[in-house]
Amino acid sequence: MPALAPAFPWSALLPSSGPDVEEIRSHEEPGLDRARALDRFLSSVEKRAFRIARIALKHDEDALDAVQDAMLALARRYGARPSEEWRPLFYRILQNRIRDCQRRRMVRERLLAWLPTNLDEPQQDDALESVPDLRPEPADRLAADEAMRLLEHALTALPRRQQQAFMLRVFEGLDTAQTAVAMGCTEGSVKTHYSRAVHALREQLGAAW
Amino acid sequence: MSSSYLETSFERRAQALFDRSVEQLDARTRSRLTQARSAAVEEAHKHAGLRRWVFRPAGALAAASLAALALVLWRAQEPQPLVTSADELEVVVGAESFEMLENVEFYAWLDQR
């Protein structure tokens with residue numbers, strides 16, 4: 001019986017059981033950390049994003065849909081990108097969703113123009129919400145509510161790009177570069193739209209605002 | 001939110017009023033936003049798992065290639081018998097093939113004969 005040649009030391013190629021288990025865990029933890037980071041980020045922007053969408057769309061449900069779509073799209077397409085890119089990307093997606101909704105609405109309005117419906121009627125989702133609150137309000141709270149109402153009204157009258165630039169810079173706090181990413185334009189365009197927005201709003205609201 | 005980057009009192013006032021309106025959001029809207037966020041985070045987690053599953057076969061191929069390279073290098077360190085026939089030459093030349101890997105012990109025994 002011929003002696004067998006020494007076997008190839010396959011075991012040298014295999015990792016030991018301890019590090020192998022740790023290696024698997026270390027692959028899973030970055031995914032969990034990323035999910036947590038995404039949760040923290042979305043939690044930090046969701047309410048402001050809803051308010052911005054609500055001002056643009058003048059409709060609660062449409063605004064909620066736009067924000068929800070933007071969250072899902074960010075998670076699916078950009079969840080693996082560095083987290084510092086998320087904010088401008090999220091608002092870019094949100095602006096696209098808002099624009100899509102506005103276009104669908106325009107088409108719908110043209111198609112249904114012959115029906116006696118008014119799409120600008122105030123919403124009444126909840127019967128309780130329509131009951132007036134007769135408690136006396138502090139004067140400063142009333143004044144602030146009125147000031148915000150006037151600002152919203154003036155914003156909805158702005159051209160779309162000026163409205164976007166103002167809300168992203170002032171309400172969300174994006175800098176010029178981030179706003180350019182969110183709006184899909186140059187920083188120079190952002191400055192122009194923003195400057196015109198501020199001028200138009202100050203004119204409409206007046207010195208007393 | 002900090003307003004230090006805003007230049008005029010008009011802009012700062014607009015921001016303050018907006019922040020106040022955000023804090024006044026009703027419970028129903030907040031709840032809907034929380035649900036939307038949870039769905040998005042779940043989606044991100046699913047996609048991260050899918051990326052790991054897609055790249056696992058590529059990792060196995062890399063491991064197999066490494067094993068083949070290690071085999072070649074290990075064989076190079078052992079004293080090699082002279083090639084005495086065309087069949088043996090074909091085996092030596094084709095050392096990187098996976099068929100070679102499957103029959104490595106047989107070929108090692110063959111060398112000793």
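How many salt bridges does the count come to over all chains?

1. The model is predicted. Over all chains the count comes to 14 salt bridges. The points below take up some of these pairs.

2. In chain A, the side chains of A:R54 and A:D60 form a salt bridge, with N and O 2.5 Å apart. A:R54 is partly exposed, its relative accessible area being 22%.

3. One salt bridge pairs B:R32 with A:E61, at 3.1 Å from N to O. B:R32 belongs to helix α2 of chain B (residues 27–77) and A:E61 to helix α2 of chain A (residues 60–78), so this pair joins two chains. B:R32 is partly exposed, at 24% relative accessible area. A:E61 is likewise partly exposed, at 22%.

4. A:R87 and A:E172 form a salt bridge in which the closest N and O atoms are 2.7 Å apart. The pair links distant parts of chain A, its two residues lying 85 residues apart: A:R87 sits in helix α3 (residues 86–111), while A:E172 sits in the loop between α6 (160–171) and α7 (176–183). A:E172 has 0% relative accessibility and therefore counts as buried, since the cut-off for buried is under 20% relative accessible area. A:R87, by contrast, is partly exposed, with a relative accessible area of 23%.

5. A further group is a network: A:D39, A:E46 and B:R37 are joined into one by salt bridges that share partners.

Definitions and conventions:
Residues are numbered from 1 along each chain as its sequence is written. Chains are lettered from A and ligands numbered from 1 in the order in which they are written. This is a predicted model: local features need pLDDT of at least 70, side-chain atom pairs count only at pLDDT 80 or more; totals for chains, interfaces and linings use all residues. Side-chain values use heavy atoms; hydrogens and water are left out. A salt bridge is a side-chain nitrogen of Lys or Arg within 4 Å of a carboxyl oxygen of Asp or Glu. Buried means under 20% relative accessible area, exposed over 50%, partly exposed in between (1.4 Å probe, protein chains only). Helices (H or I, at least four residues) and strands (E, at least two) are DSSP runs, numbered from the N terminus.
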